[in-house]
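Let's take a friendly walk through a protein model, one stop at a time. Keep the picture in view as you read.

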Amino acid sequence: MRILVDGDACPVKKEIKKISLKYSIDVIYYTSVSHYTFDKLFHNTIYLDNEAQEVDIRIINDITKEDLLITDDYGLACATLEKCKAVLSSSGNIYTKDNIELLLFQRHLAQLARKKREKVSNKKKRNEEADEYFYQILKTVVEKEIDNK
């Protein structure tokens, strides 16, 4: 099992790293070169061109049935649901066939509202509780997959 991370704007890298160390799971971060950073904590990073959807396409091509994916991109989540064990958001939501269509529709409505210059959301700042919630969800998913082997 590996954890693949759509890493451009991932706020839970430290939580992912804790899980990877605890369960000896490889983590691969995919990010565009515009988000380059040197950090020993995240040594397994694949940097890609800044072209639109470059990171998503690479993840879609690399992901296997044994992998977990962490992304906040509904389109990428939809494209990979059938290709891997599980897809999670950085807030700890698990994407499923049952909820992805609604999420994509909500994204579409938000895009339409933005075109009309309407206010779309009041996104709250992340806090330690949100990070801990994500950690617990990821831990549960990983342990479930380990138990199923």
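**One side of a helix**

Start at helix α2, which spans residues 54–62: here Val 55, Asp 56 and Ile 59 are buried. Around the helix axis these residues cover an arc of only 100 degrees, so they sit on the same side of α2. Keep in mind as you look that this is a predicted model.

What covers these buried residues? Part of the cover comes from strands, including β1 (2–6), β2 (26–32), β3 (45–48) and β4 (67–70). Helix α3 (74–80) is also among the elements that cover the buried residues of α2.

Now move along to helix α4, made of residues 100–115, where you will find Arg 107.

Take Tyr 74 as an example: Arg 107 and Tyr 74 are 33 residues apart along the chain, and their C-alpha atoms are separated by 8.1 Å.

**Two cysteines to finish**

Our last stop is a pair of cysteines. Cys 10 has a relative accessibility of 11%, so it counts as buried. Cys 84 counts as buried too, with 7% relative accessibility. A disulfide is a covalent bond that joins the sulfur atoms of two cysteines. How many disulfides does the structure hold? The number is zero.

Terms used: Residues numbered from 1 in each chain as written. Predicted model: local features only at pLDDT ≥ 70, side-chain atom pairs only at ≥ 80, totals over all residues. Heavy atoms only, no water. Helix = DSSP H or I, 4+ residues; strand = E, 2+ residues; numbered from the N terminus. Buried < 20%, exposed > 50% of the residue type's maximum accessible area, 1.4 Å probe, protein only. Arc of directions from axis to C-beta. Contact = heavy atoms within 4.5 Å. Disulfide = S-S within 2.5 Å.
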